[in-house]
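Dear colleague,

I am passing on the structure we spoke of, and below it I set out what was found.

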Amino acid sequence: MRPHRLRSVLISACVSACVASTVALSGAVPAVAESSSAPLRTVADARSLTVLTDLFAERLLVADKVAAAKYGTATPIDDPVREKAILDDVAARAVGLGLDPDAVTAVFRDQIEANKLVQRGLYARWDAHPEERPTERPDLVKEVRPVLDRITTQLLGALQETAFLRAGASCEPRLRVAAMRSSYGHRLDRLHGEGLVRALPSVCGG
C-alpha cells in the first residue's frame with residue numbers, strides 16, 4: 001500500500017472512531033477540539049480547515065433533500081452526466097483561482113461519493129422503517145441544486161483560502177480536529193458522520 005493511501009486509511013479510521021464517539025456523547029465537546037494541551041497554532045489552523053469541513057457537513061445534510069426528492073421514483077442515486085458536469089465546472093473554475101484542477105476535482109469527487117453514501121443509507125433506513133419516510137418531495141432543480149451550487153462556490157473559495165495549510169505536513173491531524181468540530185457543530189448522526197469521513201481523503205496535499 002502506498003504511503004499516501006495508508007495515511008488516508010488511518011485518517012479515515014481515526015476520524016470515523018472519533019465522530020462515532022462524538023455522536024455517542026451527544027452533548028460533550030470532543031476533548032481534542034478544546035484540549036488546553038493542544039498547541040495554540042494547531043487549534044487555530046484546525047479552525048481554518050473547519051471552513052472546509054463545515055461546508056462538507058452542510059453539503060451532506062443537503063443529501064437528505066436529494067434523497068427525499070429521488071426516493072420512490074425512477075431517478076437513480078447515481079447521475080454520471082450531472083456528476084461529470086460538476087467536476088468539469090469546478091476544474092475550469094479552479095484554474096481561475098490558481099488551484100490545481102486535478103486536486104480540486106478529486107476533492108469534489110469525494111463530496112459526490114460522500115453524498116451518495118448518505119443517500120443510500122437513507123434509502124436503507126426508509127425501506128426498513130416506512131414511518132420515517134419523507135412526507136414531502138423537494139424540487140431538485142428549484143430547491144436543492146441552488147443550495148448545492150452555492151456550497152460549491154463557497155468550497156472553491158475555501159480551498160483557495162486553505163491551500164497553504166492543505167499542502168503542509170501537519171494537514172492531516174489538523175483535518176481530524178476540524179472534522180470532529182464540524183461533526184459536533186452540525187450534530188451529525190452516525191450515517192452523516194460516515195459521509196463526512198468519506199469526504200476527507202483528498203483534502204490534504206492538494
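What follows covers confidence, then the disulfide, then the aromatic pairs.

Please keep in mind that this is a predicted model, with a mean pLDDT of 85 for the protein and 77% of its residues reaching 70 or more. There are stretches to treat with caution: pLDDT stays under 50 over residues 2-13, for which the model has eight contacts beyond four places in sequence, and also over residues 20-40, where 22 such contacts are found. Where pLDDT is low, the predicted coordinates should not be read in detail.

A search of the whole structure turns up one disulfide, which is formed by Cys171 and Cys204, with 2.0 Å between their sulfur atoms. The link of Cys171 and Cys204 is left-handed, at -80 degrees about the S-S bond. Since Cys171 belongs to helix α8 (residues 171-185) and Cys204 to the segment after α9 (190-198), the pair ties together parts that are 33 residues apart in sequence. Cys171 is buried, at a relative accessible area of 1%, and Cys204 is buried as well, at 11%.

The structure also holds three aromatic pairs. In one of them, the ring centres of Tyr71 and Tyr123 are 5.1 Å apart and the planes stand at 75 degrees, so this pair is edge-to-face. The pair links distant parts of the chain, 52 residues apart, as Tyr71 sits in the loop between α3 (40-70) and α4 (80-96) and Tyr123 in helix α5 (residues 101-128). Tyr71 counts as buried at 13% relative accessibility, and Tyr123 is buried at 18%. Together with Trp126, Tyr71 and Tyr123 form one aromatic cluster.

Notes
Residues are numbered from 1 along each chain as its sequence is written. This is a predicted model: local features need pLDDT of at least 70, side-chain atom pairs count only at pLDDT 80 or more; totals for chains, interfaces and linings use all residues. Side-chain values use heavy atoms; hydrogens and water are left out. Rings of Phe, Tyr and Trp (its six-membered ring) pair if their centres lie within 6.5 Å; planes under 30 degrees apart count as stacked, over 60 as edge-to-face and the rest as tilted. Helices (H or I, at least four residues) and strands (E, at least two) are DSSP runs, numbered from the N terminus. Buried means under 20% relative accessible area, exposed over 50%, partly exposed in between (1.4 Å probe, protein chains only). pLDDT is the predictor's confidence in each residue, from 0 to 100. Contact means heavy atoms within 4.5 Å. A disulfide is a pair of cysteine sulfur atoms within 2.5 Å.
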